[in-house]
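Please read the numbered points with the model in view.

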Amino acid sequence: MNFWQKNNTPERTAVTLERIPSRRKIGEPERAASDRNPERALGAGQTSAEINFAGLCLTLDPSGAAYIAAQHTLIVSDLHLEKGSGAAARGRLIPALDSYDTLLRLKRAIKAYEPKRIICLGDSFHDRFAGDRMAEADRAALNSLCDLAQEWVWVSGNHDPEAPAFCEGERKDQLEIGGVTLRHEPDFENDGPQIIGHFHPKTSVAAGGYHFSGRCFYASDEFLIMPAFGAYTGGLSCADSAIASLHESKARIFMMHAAKIWRVA
Ligand SMILES: [Fe+2]
């Protein structure tokens, strides 16, 4: 069975929504089972969210990808491929299956939007030896994804200054679409709007007595910060000064969970 024939396996998503019921006080009635439904507490959610960022109309997908229909362009950031094998090499006992998972979810996003161009916005590989560690089947799967679009762009990140040699596609430090700069880390010399990755934003929200958290898109007038797409990537709270200090304008925050997305600010 090859990589693509494994699609009937249950979906494993890197996007998590943590559900932490609040403690019931003494004398407080126990919650009904229907009240423990997280989606009911949080609201219905959307299957995608349309936003305008600096004149670009983007569809924010619950997978963590963003699609610019007018440009037939799909953007993902921070795949961190082979993070698992890197951790395993250092003795951490986690399954080195993240590349398989990440590539499978990326394939689903590509199939859903059928873009002509795919932009990986940096930190696509977890380190400069990640390509050497990648299994042959995952290498083949990655290059077969590249064949699904006319153009594939690897933007350099701080973890991966250059994509491995076996990867098809162009290498760029940054590019521009409709006056918006796309790059991995913010360029503070550039006053224009930027779509970036790097920060792996996460957010949390309280609803119905529960506490939810998940990866998110974070959009102000200055920056649209993409969530990390990779399976084993952690997250940084949007409240952290590293993210909050980037923005002078009020941010719109879209939190993701499985197949849905919620605007929470
Ligand atoms: Fe990253």
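1. Two strands are said to pair if DSSP finds at least two bridges between them. Helices (H or I, at least four residues) and strands (E, at least two) are DSSP runs, numbered from the N terminus. The model is a predicted one, in which local features need pLDDT of at least 70 and side-chain atom pairs count only at pLDDT 80 or more, while totals for chains, interfaces and linings use all residues. Residue numbers start from 1 along each chain as its sequence is written.

2. Strand E5 (residues 73–76) pairs in the parallel sense with strand E6 (residues 117–120), over four bridges. Within this pair, Leu74 has Ile118 of E6 as its bridge partner.

3. Both strands belong to an open sheet of seven strands with mixed pairing, ordered E2-E3-E4-E5-E6-E7-E8. At its edges lie strand E2 (49–53) and strand E8 (170–172), each of which pairs on one side only. On average, neighbouring strands of the sheet are turned by 25 degrees against each other, direction ignored; axes are lines fitted to C-alpha atoms, for helices over the stretch in contact, and angles between N-to-C directions run from 0 to 180 degrees.

4. Helix H3 (residues 98–113) packs on this sheet and touches strand E4 (66–68), E5 and E6. Contact between two residues requires that their C-beta atoms, placed from the backbone, lie within 7 Å. The direction of H3 makes about 160 degrees with that of E5.

5. H3 has 16 residues and spans 23 Å from its first C-alpha to its last, close to the 22 Å expected at 1.5 Å a residue; the expected span is 1.5 Å times one less than the number of residues. Just after H3, Glu114 has a positive phi of about 45 degrees.

6. Which residues of H3 are buried? Among them are Tyr100, Leu103, Leu106 and Tyr113. A residue counts as buried if 20 or more other C-beta atoms lie within 10 Å of its own, exposed if 12 or fewer, and partly exposed in between, with C-beta atoms placed from the backbone. The cover over the buried residues of H3 includes E4, E5, helix H2 (83–89) and helix H5 (136–146).

7. Strand E9 (residues 174–177) and strand E10 (residues 180–183) run antiparallel and are joined by four bridges. Leu175 has Leu182 of E10 as its bridge partner. The two strands form a hairpin with two residues between them, and Gly178 in the turn has a positive phi of about 55 degrees.

8. The protein chain as a whole has six helices and 17 strands. Of its 265 residues, 41% count as buried.
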